[in-house]
Amino acid sequence: MGFFFNKNKKSDQQLKEAYFTASQVELIRSRFKSNKTAMVAGWILTILILMGFFSEFLSPYQPTMAGRDKKYENGPPQIPKFWDENGFSFRPFIYGTKRERSIKTNFRWVVTVDREDRRYLRFFVDGWEYSYIDLEWDLPGEFFDVDVQALTFSTHLFGVDKGGIHLFGTDKSGKDIYSRTLLAIFTSLKCGVLGVFIAFVLALIIGGISGYYGGWLDSFLQMVTDAIRTVPQVPLFMALAAFLPQEWSAEAVFFVIATILGFIGWPTLARRIRTHVLSERSQDYILAAQLCGASSGHIIRRHLLPSFTSYIIIDLMITFPYMVRLETALSFIGLGLIDPVSSLGSLMQNVSKADVLLNYQWYFIPVLFFITFILAVVFVGDGLRDAADPNMIKKK
Amino acid sequence: MIKFLQFIMIRAVMSIVTLLIVSFIVFSMMELVPGNCAERYIAFKNTQGQNITIEDIQAEERRLGLDKPYLIRAFTWMGNVFFQGKFGDSCILRLNINHLLSDKIWLSLGMSIGALLLSYVLAVPIGIYSAVSRNPIANNTVRFISYLGLALPSFLFALMIMLFTTVYFGESMSGLFSKEYRDAAWSYAKFMDFLSRAWLPILILGWAATAFALQTVRALMLDEIDKLYVTAARARGIFGRNLLWRYPARHSLGPVINSIGFDLNRIFSELPVVALIMTLTEMGSLLIDALAFSNDQQLAGAILVILTATIVLINFITDIILALMDPRVRQGLLG
């Protein structure tokens with residue numbers, strides 16, 4: 001008993017010690033973990049990102065025209081079942097469909113479900129090939145052309161023995177909405193990450209210089225930053241997106257869109273970084289480093305940057321949903337990534353007709369994913385911000 | 001008083017400098033779009049069956065002043081915009097831009113400012129209430145709505161409303177005027193017709209701004225409400241609405257006024273998208289036309305400059321209001 005008590009006391013002491021010697025990152029992590037909403041959002045976000053990353057493995061069909069199901073256009077979602085009036089089956093199944101057009105159907109294609117025709121779900125089936133590393137750059141000059149394909153697989157999580165399975169239904173050309181949604185999440189994610197990264201590099205350079213050197217350089221850079229911040233973002237984005245030639249490949253358009261996002265997003269970040277630098281610059285440890293004869297570059301890299309890395313990451317996390325939203329809005333009105341490319345915006349473009357709401361409600365499934373995705377990112381960002389702000393504990 | 005005038009002057013100069021920087025950037029962007037006006041005009045003539053040569057294009061360039069160096073053209077354009085308010089002609093539509101935009105600007109600005117007002121009328125009381133009340137249901141609802149404002153962008157919101165009204169009421173809510181008033185001169189009847197249709201786009205435009213303003217007001221109130229001066233006031237026996245409005249609300253109003261310019265910025269960002277979905281024929285959709293479908297850089301530049309100028313003007317006004325409202329600044333300036 002005494003031994004027990006002793007140990008408890010010691011661990012208490014250790015806990016205290018651990019608290020006072022914990023690094024900034026550890027403190028933020030432990031505070032973040034105690035925020036339930038943010039944790040749930042974090043898990044949802046992780047799942048979505050994983051779904052996006054393994055989208056090829058998870059989706060039975062190619063999300064492009066190549067993977068379309070000609071016999072099942074505008075088809076409703078097919079949900080696998082375990083039983084129906086014809087009995088129970090351990091292996092989930094869907095029904096086969098027939099597509100016909102005759103006088104009876106007023107000469108329109110009508111898809112009918114044949115409840116006798118069971119199609120069983122198979123797992124880890126062999127399907128179309130995909131590779132995780134697939135670089136095909138056609139750069140000027142023979143020498144620079146890159147064509148690398150590695151980590152090629154053709155296994156997919158599920159499929160059916162004959163015909164097709166479309167969990168979220170198909171769109172008007174027969175493309176599988178489930179496969180497209182998964183890829184779209186990843187496309188939007190990539191676009192946002194790339195945009196945030198470009199914005200971050202620009203902001204770090206401009207905000208860092210402005211905050212560290214101060215003086216007239218600071219005033220001038222602040223003026224330019226503020227001027228750019230006053231221009232409304234979407235119209236500016238539209239003006240920049242107008243440079244895109246129609247005949248560019250999907251990849252090129254994707255990179256340009258992400259770059260524009262970065263170029264639009266940097267001013268807000270630059271201001272935050274400038275404030276961080278400005279408040280840290282006058283601290284004693286910087287003065288000490290300067291007196292020791294450290295160069296500006298050394299001080300910025302080794303002392304200033306580490307002092308607010310965690311805050312910067314959080315700032316980036318907060319900026320991220322705005323980027324994704326901007327891309328989606330632009331793709332939605334047809335100025336960003338357009339239909340053959342699967343992005344959340346280009347998928348949502350399909351829902352903008354009254355016809356869809358009446359007849360093809362499953363087109364709205366990507367919209368739900370978009371909302372979930374954005375909400376998850378926002379909650380995680382907010383949770384991180386609260387966790388990084390020591391004053392928040394007092395308030396709660 | 002002199003100090004105050006000085007303050008206004010400095011702010012005015014700063015606003016003008018901001019506008020100059022923006023218009024220079026906009027002009028540079030217009031220049032970057034491939035093809036210039038002369039080629040457009042000539043290309044148009046080409047479709048009319050005329051044969052054209054390189055000399056024709058060069059002559060046209062000389063006529064339009066496009067052969068002059070870049071900086072001179074930039075300053076001429078900026079000078080025209082600033083001192084005369086002239087944006088020149090649009091090459092694609094071959095129309096005067098000022099003529100083209102005149103009443104569309106007022107409609108767009110009116111709607112945006114209406115949306116701004118709406119968002120503040122909603123956000124300020126609700127934000128204050130949710131910060132003060134300890135009612136968890138109200139609090140969580142407000143939080144949820146303000147998050148939804150981000151996750152359900154106004155283009156989706158607009159789309160949902162459009163789809164539902166079309167499908168379930170059979171009446172399309174699109175457009176700003178009914179048929180009989182579209183080309184009529186402004187009158188009371190036309191104004192009422194406008195109001196009966198404009199409330200929906202105003203609501204949708206205000207939606208995102210409301211969500212953001214709500215969050216701002218709530219956070220500011222939460223910051224202020226635990227401060228010592230509020231406790232001191234409470235100790236003196238002031239309570240309820242009296243306490244709120246006289247102490248913490250007044251304090252947190254400053255940053256809120258400061259954020260008006262950025263909220264307007266946000267609304268302008270929503271404007272083109274919402275305009276496209278609701279087929280409003282005002283400025284926003286004109287911008288989309290100008291950029292997406294015809295590459296009309298002159299028109300796009302003009303719209304960008306006008307939108308930015310509005311924001312700069314609002315920022316200038318809010319700065320002055322803020323200076324007048326805040327006793328610390330006021331006393332420093334007015335002596």
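## A helix pair in chain A

The crossing of H8(A) and H10(A) is right-handed, in what is a predicted model. Helix H8 of chain A covers residues 250-281 and helix H10 of chain A covers residues 296-332, and the two pack at an angle of about 150°, with their axes 10 Å apart. Because angles over 145 degrees count as roughly antiparallel, H8(A) and H10(A) are described as roughly antiparallel to each other.

On the side of H8(A), the residues making this contact include Ile257(A), Leu261(A), Gly265(A) and Arg272(A), while H10(A) contributes, among others, Phe308(A), Tyr311(A), Asp315(A) and Glu327(A). Sorted by class, the contact of H8(A) with H10(A) has 11 nonpolar, 4 polar and 4 charged residues.

## Where the chains meet

Between the two chains, 38 residues of chain B are in contact with 33 residues of chain A. Several helices of chain B each supply at least two residues of the side that touches chain A, among them helix H1 (2-32), helix H7 (154-169) and helix H14 (297-325). The residues on this side of chain B divide into 32 nonpolar, 6 polar and no charged.

## The largest nonpolar core

The largest nonpolar core has 140 residues, of which Phe237(A), Phe155(B), Ala158(B), Val274(B), Ile277(B) and Leu304(B) touch the most other members. Helix H5 of chain A, residues 177-213, gives the most to this core, with 15 residues.

Leaving aside residues up to four places away in sequence, Leu304(B) touches Val231(A), Pro235(A), Leu236(A) and Ala239(A) in chain A, together with Val26(B) in chain B.

Technical notes. Residues numbered from 1 in each chain as written. Chains lettered and ligands numbered in written order. Predicted model: local features only at pLDDT ≥ 70, side-chain atom pairs only at ≥ 80, totals over all residues. Contact = placed C-beta atoms within 7 Å. Helix = DSSP H or I, 4+ residues; strand = E, 2+ residues; numbered from the N terminus. Nonpolar A, V, L, I, M, F, W, Y, C, P; charged D, E, K, R; others polar. Core = buried A, V, L, I, M, F, W, Y, C linked by C-beta atoms within 7 Å. Buried ≥ 20, exposed ≤ 12 C-beta atoms within 10 Å, placed from the backbone. Axes fitted to C-alpha atoms, helices over the stretch in contact; angles between N-to-C directions. Parallel < 35°, antiparallel > 145°, perpendicular 65-115°, else oblique. Left-handed = near helix turned anticlockwise from the far one by under 90°.
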